[in-house]
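Welcome to a short tour of this protein. Take a moment to look over the chain before reading on, and keep the view open as you go.

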Amino acid sequence: MLNYFKNESGLIGFDQVFTAELEAINARRNGHNTQPDQTLSRFQQLERGIATPPESTESGFGIEPFPAGERTNAFNNVLDQLQDTEQNDRWERHGRETGQPARQDLVGLAFSGGGIRSATFNLGILQALARVRLFKFVDYLSTVSGGGYLGSCLSSLYASPTREFPFPHKQGEVESPAFRHLRNNAEYLAPNGLFDTLRIPMLLLRGLFINLLVVLPYIVAAALVTAMLNADLAALKMHLLRRFFVLNNWPLPDWLGTHFLLLKISFVALLGIFFLYPIGYLLFQRSRFWLFDFTWPSRDRVGRCLSWAAVILGLLAFVEIQPVAILYMAKLAEAARDTGDIVTFYHQVATVLTGLTVLPAFLAHWAGKQAARLSTDAVLTLIGVCGIAVFWLLYLFLSYYFIDGQLGGNWCIWLSVLALWSYTVIFIDINFTSLHGFYRDRLSRAYLVKFAGKSGASVDKTTLKHDDEQLLSTLNTADGPYHLINAAINLRELDEDYKKGRHAQAFLFSKCFIGSEATGYRPTGVMESQSRNVNLGTAMAISGAAASPQMGRNTNRMLAFVLAMANVRLNHWLPNPRYAQDRTGAKLPRSPLTRVGPLYLLREMIGNLNARGLNVNLSDGGHFENLGLYELLRRECRFIICGDGEADPTLTFDGLANAIRMAQIDFGIKVAMEGLDEIRAGEQNHAIGKIHYSGGLIGWLLYLKLSLLGDNNLISTLNESAYETSPRRDDNRRFDDNAYIAQYKSRHPDFPHQSTADQFFDEQQFEAYRALGFLVGMRALTR
């Protein structure tokens with residue numbers, strides 16, 4: 001029946017998406033340049049706009065000029081390269097050949113993931129770009145996770161509509177209402193203190209209870225089937241197969257014993273096949289028999305058969321160990337019954353189940369303190385095993401209870417199981433029961449605002465109102481940059497083998513289109529007609545859904561079960577763009593048969609995710625690529641500015657390295673960086689990347705890193721007296737640069753790479769990160 005909803009007509013590819021984006025970008029350029037100087041290239045206009053004072057002082061941008069003498073050598077060099085005559089000719093020719101002239105001079109701005117740390121750091125960078133009037137020339141804004149908080153706030157404000165920069169930072173002027181709003185909402189998850197904080201554990205408890213209701217019918221049904229196959233506890237002492245043979249007076253070798261019969265028979269049969277295989281090779285090597293023609297396909301089939309044999313043996317071992325485990329539990333119960341203390345036995349079972357339930361939390365806490373000495377994957381796997389063990393022990397206990405009470409055929413229990421299963425199938429929507437809704441609403445309240453009204457012909461900038469229902473399709477790209485909100489679509493099956501380790505692909509939300517390479521793209525209006533929840537707030541929350549069972553390349557399959565069951569689920573199931581059809585004006589956005597029912601929770605637990613279902617699993621864009629560079633490089637932006645607010649205390653540039661590697665592999669684009677070692681040495685906060693596109697086209701990347709100047713290791717490598725007398729005493733505590741940044745660093749040594757789990761910023765923390773972002777931006781651009 002569900003195939004009825006799988007209509008793929010009207011699906012489009014990336015080329016059409018890019019064409020529509022360029023049309024919107026061209027419209028914005030034409031609207032802003034009422035009297036453009038046709039003799040200047042776009043980047044000549046950009047440099048002139050930076051070097052000369054603006055005609056108007058009411059745009060929210062800086063007013064002081066920054067001629068070449070007041071700009072850094074690195075920035076001047078990039079501007080000179082962008083005006084290189086030979087490259088201009090190549091880019092112009094490329095634009096003509098593709099029929100898309102605008103693509104020859106695209107400017108992209110990327111804000112990385114990193115929660116509110118990245119959002120606040122990149123706010124400072126954004127203000128620096130506005131100060132030198134570089135932001136006016138940005139065509140694309142590509143955001144991931146925490147960078148999307150700020151990007152979505154910017155897009156929401158531009159939708160007021162307004163042309164003015166909403167977060168001006170000018171000396172001697174009071175902060176704008178939009179700027180002050182962000183500062184006031186730094187503790188966005190719990191703005192009202194304890195009362196709001198209590199929501200989080202209660203939502204986790206609600207989700208855990210409902211998730212247990214989803215899983216419980218299957219566990220109880222399995223235990224009832226086990227009880228039906230075993231009339232009493234004594235029956236468990238003899239394998240079901242041996243009982244069948246005894247019942248029919250058929251002989252069965254004694255050496256097979258009373259347990260693990262199928263496993264033993266299968267293993268002996270496998271050894272027999274191993275024994276006969278050399279004979280088959282000798283006798284049939286010239287034949288075309290299926291297994292013995294000894295071509296590559298035949299050898300490959302043999303290898304796959306051996307793999308399946310291993311899987312079957314493992315499954316048989318697991319299935320056949322259940323009677324032994326139930327017997328052991330029965331032995332413990334009988335011992336307790338003999339002492340007249342059966343209640344204590346039940347208490348012990350409950351204690352073990354509770355212990356295994358809370359053990360993952362203690363393991364996670366302990367692992368955090370021992371991170372330097374432990375294998376993270378090993379600890380996460382252990383946590384996952386503990387979670388799965390809880391349900392296995394529950395099954396064993398219920399099996400023992402049903403067999404001991406001879407309840408396997410009790411129709412009241414069977415009907416109760418059926419009723420509970422029907423309840424979960426009919427009423428439960430796992431998008432509703434997850435933490436996504438809470439997370440989305442908290443983010444929306446903090447970051448989605450717009451100017452409240454208009455005063456005459458201009459927008460009233462003094463009052464803000466909540467913009468929770470802002471649609472992506474009505475974003476104002478005529479005045480603001482074209483916003484690319486990057487998420488990840490979690491997949492177990494990818495089109496090429498080398499991508500399988502990624503477990504995800506890029507998924508895009510934007511004004512014109514929503515989708516991915518795996519699903520295809522649909523017009524945003526069509527996707528919005530599928531559900532009232534498809535809007536800017538939802539896209540922002542999905543892009544920042546860091547804590548999820550399936551996390552792309554960061555997925556741990558054992559841990560996924562625990563996270564899904566414990567309702568640590570910020571991820572979201574979205575209608576698949578592959579099958580979306582316009583339902584504008586329909587009474588129901590989608591059929592109830594296509595909703596996100598409990599089977600989707602089971603798919604999250606076991607990782608059964610693909611791009612062919614009616615709904616697709618989306619999570620944090622950082623689970624694929626965390627800087628927002630991937631989509632800008634795909635679009636061949638000639639100049640890219642990237643604000644990297646990741647937590648990177650060792651300065652190993654994980655996000656940058658991942659983006660550069662994938663761009664090289666997927667698009668053949670090479671990015672050669674210069675300045676990363678200087679960042680590591682504490683000499684500067686920026687690096688320059690030379691982007692080698694196809695056809696000899698060159699682009700440039702200005703990389704701005706969340707870091708402090710000075711020797712990161714000096715104070716830890718010298719004793720106190722040597723530190724006091726060292727001529728290199730410059731260890732990130734430069735009070736003359738900014739007193740409150742240095743003071744905050746002295747009190748919080750892990751600044752500026754505090755954990756992303758810290759989403760509760762106070763005034764000092766917010767301003768330290770924002771001011772650092774502004775300093776990093778200004779140091780990279782100006783002297």
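A helix here is a DSSP run of at least four residues, and helices are numbered from the N terminus. The model you see is a predicted one.

With that in hand, let us begin with charged pairs. Side chains of opposite charge can pair when their charged atoms come close. The structure holds 23 salt bridges, and three of them are set out below.

| Pair | Closest N to O distance |
|---|---|
| Arg71 and Glu47 | 2.7 Å |
| Glu86 and Arg90 | 3.2 Å |

Start with Glu86 and Arg90. Because they sit four residues apart in helix H4 (residues 85-98), about one helical turn separates them. An α-helix has 3.6 residues a turn, so residues three or four places apart point the same way. Glu86 is partly exposed, with a relative accessible area of 48%, and Arg90 is also partly exposed, at 27%.

Now for the salt bridge between Arg71 and Glu47. This pair ties together distant parts of the chain, 24 residues apart: Glu47 belongs to helix H2 (42-51), while Arg71 lies in the loop between H2 and helix H3 (73-82). Arg71 counts as buried because its relative accessibility is 1%, and buried means under 20%.

Glu64 is partly exposed at 26% relative accessible area, whereas Arg131 is buried at 17%.

Helix H5 itself (residues 115-131) has 17 residues and spans 24 Å from its first C-alpha to its last, close to the 24 Å expected. How many of the residues of H5 are buried? The count is 17 of 17, so the helix is mostly covered. After H5 comes Arg133, with a positive phi near 65°.

Salt bridges can also join up: Glu21, Glu517, Glu631, Arg634 and Arg635 are linked in a network.

Finally, turn to the surface. A nonpolar patch with about 910 Å² of accessible area brings together nine names, including Tyr218, Trp421, Val425 and Leu599. Helix H15 (residues 411-427) gives the largest share, seven residues. Val425 has its place in H15 and is partly exposed, at 33% relative accessibility.

A patch of negative charge gathers Glu674, Asp677, Glu678 and Glu683. Glu674 lies in strand S12 (residues 670-674) and is exposed, with a relative accessible area of 65%.

Terms used. Residues are numbered from 1 along each chain as its sequence is written. This is a predicted model: local features need pLDDT of at least 70, side-chain atom pairs count only at pLDDT 80 or more; totals for chains, interfaces and linings use all residues. Side-chain values use heavy atoms; hydrogens and water are left out. Patches are made of residues with over 30% relative accessible area and no salt bridge: like charges are joined within 9 Å, nonpolar side chains (Val, Leu, Ile, Met, Phe, Trp, Tyr) within 5 Å. Accessible areas come from the Shrake-Rupley method with a 1.4 Å probe; for residues, only the protein chains shown count as cover. A salt bridge is a side-chain nitrogen of Lys or Arg within 4 Å of a carboxyl oxygen of Asp or Glu. Helices (H or I, at least four residues) and strands (E, at least two) are DSSP runs, numbered from the N terminus. Buried means under 20% relative accessible area, exposed over 50%, partly exposed in between (1.4 Å probe, protein chains only). The expected span of a helix is 1.5 Å times one less than its number of residues. Lys and Arg count as positive and Asp and Glu as negative; His and the chain ends are not counted. The place of a charge is taken as NZ of Lys, CZ of Arg, CG of Asp or CD of Glu.
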